[in-house]
Amino acid sequence: EKGEGAEKGEGGGGEDEGEYVYDLYGVSNHMGGMGGGHYTAHCWNEENGEWYNFNDSEARRMNESAVRSAAAYVLFYKRRGKKESGNGKENSHRKASKDSRKEGKESKENKEGKENKEGKEG
């Protein structure tokens, strides 16, 4: 297992030192006591940039402000990259997700264009 400092990019795998930015993409919630209870989940959809609440057989879009709750049990993060130097600010989760969707769309268009070109040549 990685050491305590590894989550800040210090050690653990020979990576460069520095502060990394992490995007929250999921929350497992638990309501109830030690002997039992109920679990729900909040998950970020990169395709449409929306948060969803999953509760048994029901899935509903939710407001981002409701993701943070006292019932949060396990948080899931994805490392985006290093924090921007200078002003100490970092890009928002939404901007990163929109950028990744844009990159995915451009890759898909490039792949489709290549396939069409290869089909015409062959």
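Two residues are in contact when heavy atoms lie within 4.5 Å. The model is predicted: local features need pLDDT of at least 70, side-chain atom pairs count only at pLDDT 80 or more, and totals for chains, interfaces and linings use all residues. Residues are numbered from 1 along each chain as its sequence is written, and side-chain values use heavy atoms, with hydrogens and water left out.

Figure 1. Leaving aside residues up to four places away in sequence, Thr40 touches Val27, Ser28, Asn29, Met31, Asn53, Phe54 and Asn55. Thr40 counts as buried because its relative accessibility is 11%; buried means under 20% relative accessible area, exposed over 50%, and partly exposed in between (1.4 Å probe, protein chains only).

**Figure 2. Overview of the protein chain, with one helix and five strands.** Helices (H or I, at least four residues) and strands (E, at least two) are DSSP runs, numbered from the N terminus. Along the sequence these elements follow the pattern β-β-β-β-β-α. Of the 122 residues in the protein chain, 19% are buried. Among contacts between residues at least 6 apart in sequence, 50% join residues at least 24 apart. The accessible surface of the protein chain is about 9600 Å², and 45% of this surface belongs to carbon and sulfur atoms. Accessible areas come from the Shrake-Rupley method with a 1.4 Å probe; for residues, only the protein chains shown count as cover.

**Figure 3. A nonpolar surface patch made by Tyr25, Tyr39, Tyr73, Val74 and Phe76.** The patch covers about 520 Å². Patches are made of residues with over 30% relative accessible area and no salt bridge; like charges are joined within 9 Å, and nonpolar side chains (Val, Leu, Ile, Met, Phe, Trp, Tyr) within 5 Å. Strand 5 (residues 72-82) gives the most to the nonpolar patch, with three residues. Tyr73 lies in strand 5 and counts as exposed because its relative accessibility is 56%.

**Figure 4. Aromatic pairs, of which the structure holds three.** Tyr25 and Phe76 form a tilted pair, at 6.2 Å centre to centre and with 50 degrees between the planes. This pair links distant parts of the chain, since Tyr25 lies in strand 1 (residues 20-33) and Phe76 in strand 5, 51 residues apart. Tyr25 is partly exposed, at 38% relative accessibility, and Phe76 is partly exposed, at 38%. Another pair, formed by Tyr39 and Tyr73, is edge-to-face, with 6.1 Å centre to centre and 65 degrees between the planes. Tyr39 belongs to strand 2 (residues 36-45) and Tyr73 to strand 5, so this pair ties together parts that are 34 residues apart in sequence. Tyr39 is partly exposed, at 47% relative accessibility. Rings of Phe, Tyr and Trp (its six-membered ring) pair if their centres lie within 6.5 Å; planes under 30 degrees apart count as stacked, over 60 as edge-to-face and the rest as tilted.

**Figure 5. Arg79 over the face of Tyr20.** Arg79 lies at 4.2 Å from the ring centre of Tyr20. A charge sits over a ring if NZ of Lys or CZ of Arg is within 6 Å of the ring centre and within 35 degrees of the ring normal.

**Figure 6. Salt bridges, of which the structure holds four.** A salt bridge is a side-chain nitrogen of Lys or Arg within 4 Å of a carboxyl oxygen of Asp or Glu. Side chains of opposite charge can pair when their charged atoms come close. One of the salt bridges joins Asp23 and Arg80, with the closest N and O atoms 2.5 Å apart. Asp23 lies in strand 1 and Arg80 in strand 5, so the pair ties together parts that are 57 residues apart in sequence. Asp23 is buried, with a relative accessible area of 13%, whereas Arg80 is partly exposed, with 31%.

**Figure 7. Further salt bridges, including those of Glu46 with Lys78 and of Glu58 with Arg60.** The side chains of Glu46 and Lys78 meet at 3.6 Å, N to O. Glu46 lies in the loop between strand 2 and strand 3 (50-55) and Lys78 in strand 5, so the pair ties together parts that are 32 residues apart in sequence. Glu46 is partly exposed, with a relative accessible area of 34%, and Lys78 is partly exposed, at 47% relative accessibility. The side chains of Glu58 and Arg60 meet at 3.1 Å, N to O. Glu58 is partly exposed, at 40% relative accessibility, whereas Arg60 is exposed, at 52%.
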